[in-house]
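Subject: Structure handover

Hi there,

Here is the structure I promised to pass on to you.

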Amino acid sequence: MATCFWLRSCGARRLGSTFRGCRLHPRAGGLVPAPGPAPGPAQLRGYAGGLAGLSAALLRTDSFVGGRWLPAAATFPVQDPASGAALGMVADCGVSEARAAVRAAYEAFCSWREVSAKERSSLLRKWYNLMIQNKDDLARIITAESGKPLKEAHGEIFYSAFFLEWFSEEARRVYGDIIYTPAKDKRALVLKQPVGVAAVITPWNFPSAMITRKVGAAVAAGCTVVVKPAEDTPFSALALAEILLHHAANSVKRVSMELGGLAPFIVFDSANVDQAVAGALASKFRNTGQTCVCSNRFLVQRGIHDAFVKAFAEAMEKNLHVGNGFEEGTTQGPLINEKAVEKVEKHVNDAVSKGATIVTGGKRHHLGKNFFEPTLLSNVTQDMLCTHEETFGPLAPVIKFDTEEEAIAIANATDVGLAGYFYSQDPAQIWRVAEQLEVGMVGINEGLISSVECPFGGVKQSGLGREGSKYGIDEYLELKYVCYGGL
């Protein structure tokens, strides 16, 4: 999610540009540091020596403001969720650091807003090229920090980089309009101008993807962006959203948010079972079930229910392999921390206590405290926690239904709506269900739907605005109407 801040009248007053003794100088391309020595090895903290071949130089742990790495007053530890090993200590920026970063970004914006679309396009393309050139190192950092399989980490890097490539092209397509009015001596123009400084709060599960989706669009629009990582917060995503919306409303700041979901995965009697099982595996167990578009509830029609559950269990046991993300063949890494494991365990225990049946999995994995077995439950009912709370883990609960109307009612009985999936070979049903699902994105006979060319976002309490596609840049632009008279 992201909160966009902007300050009007760049020339009205000069904001302070000093940050912990560092002088920042604005120029067309942003802020540059005053002359001084580059950080040396002694200033860098690194990962635990020898961990997966990562060198200390791959991790910068200070905050980055105005082109300089700057120390913070406090730090927090980052641990490998697979082994529990300490990877390093990272700057824990507080209110003063955040305000200083916004000031620096605001000063940069006063000149950055004049940078041509062509130059912004070139900068984003350069960023894309750098990500691709360094994809292996970036992927290893992601796996070390989040535990996800290395193959998936590589996929995240490519997915992220493609947003930079896309918005490097869209940067040159921010068009306005000419409107012909009834008055012969007037012309009306519509301009699109950058909002201003944006603050981006990134999630831990897909940080590079979120950063490039938001920052890529903002830079394409002409904004200078402050990125503040969100650590393991005590707030739920929705609670944090309420806080942000409340404070943003006080000064009418624009807010764009991508929040969680409770994605339904519906399998109708007409579906191809093998196709539906393949889609279920892809949708549910990517990043060990820790993505916002992962299927959370499986609704299977009575006529195909038993065949689907049997095939799904067999596919899980055959294709899902739990292990360290750096190990060859691993498809299911650890959950991000033990708190996440406890939530999965709580959902399983609650469901079983209310009559659900464990088809496969169902307990913590012997590899360590942050590992949980990929789990399939049947005989699931709507009074169970796993059907109305986002599990965010490797748990697939199956609800049996009889009619299309019943499935739609169950799928829509939630205050969130990010993604939804369904499998059917009935053309008329496909149109009906796609239109009736209360979600922002629908996968029809497809379990993986994200693409840089398409709008990513949800409805209800799953967020505001869209990322990616030609619509993604609009969140960072203001419309200005200009009336030109006296012709």
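Below is what I found, going from one region to the next.

Please keep in mind that this is a predicted model.

**The three-stranded sheet**

I began with an open sheet of 3 strands, which runs in the order E9-E10-E24 with antiparallel pairing. Its edge strands are E9 and E24, each of which pairs on one side only. From one strand to the next, the twist averages 25°.

The two pairings can be followed residue by residue. Strand E9 (residues 177-179) joins strand E10 (residues 187-194) over 3 bridges, in the antiparallel sense. Here isoleucine 179 stands opposite alanine 188 of E10. On the other pairing, E10 and strand E24 (residues 477-484) are antiparallel over 8 bridges. Lysine 192 stands opposite leucine 479 in E24, and proline 194 has leucine 477 of E24 as its bridge partner.

**The annotated glutamate**

The UniProt record, an unreviewed entry, carries the annotation "active site" at Glu258. In the model, glutamate 258 is in strand E13 (residues 254-258). Is glutamate 258 buried or exposed? Its relative accessible area is 9%, which is under the 20% cut-off, so glutamate 258 counts as buried.

**The nonpolar cores**

In soluble globular proteins, nonpolar side chains tend to be buried together. The largest nonpolar core in this model has 67 residues. Those with the most contacts inside it are Phe167, Val267, Val293, Phe298, Phe308, Phe312 and Leu376. Apart from it lies another core, of 27 residues, including Cys386, Ile399, Phe401 and Ile410.

Val293 is worth a look on your screen. Not counting residues up to four places away in sequence, valine 293 touches Ala263, Ser283, Arg286, Leu418, Ala419, Tyr421, Met441 and Phe456.

Most residues other than glycine have a negative phi. Asparagine 379 has a positive phi, near 55°, and asparagine 445 also has a positive phi, near 55°.

Asparagine 379 lies in the loop between strand E17 (375-378) and helix H10 (385-388). With 43% relative accessibility, asparagine 379 counts as partly exposed, because that value falls between 20% and 50%. Asparagine 445 is in the loop between strand E21 (441-444) and strand E22 (459-460). Its relative accessibility is 19%, so asparagine 445 counts as buried, the cut-off being under 20%.

**Threonine 414**

My last stop was the loop between helix H11 (404-412) and strand E19 (416-417), where threonine 414 is found. Threonine 414 is buried, with a relative accessible area of 16%. Which residues is threonine 414 in contact with, leaving aside its neighbours within four places in sequence? They are Leu262, Arg297 and Lys460. Threonine 414 and threonine 387 are 27 residues apart in sequence, and their C-alpha atoms are 9.6 Å apart in space.

Over to you, and happy browsing!

Best wishes

Definitions and conventions
Residues numbered from 1 in each chain as written. Predicted model: local features only at pLDDT ≥ 70, side-chain atom pairs only at ≥ 80, totals over all residues. Heavy atoms only, no water. Pairing = 2+ DSSP bridges. Helix = DSSP H or I, 4+ residues; strand = E, 2+ residues; numbered from the N terminus. Axes fitted to C-alpha atoms, helices over the stretch in contact; angles between N-to-C directions. UniProt positions renumbered as here; feature names shortened; annotations may be inferred. Buried < 20%, exposed > 50% of the residue type's maximum accessible area, 1.4 Å probe, protein only. Core = buried A, V, L, I, M, F, W, Y, C linked by side-chain atoms within 4.5 Å. Contact = heavy atoms within 4.5 Å.
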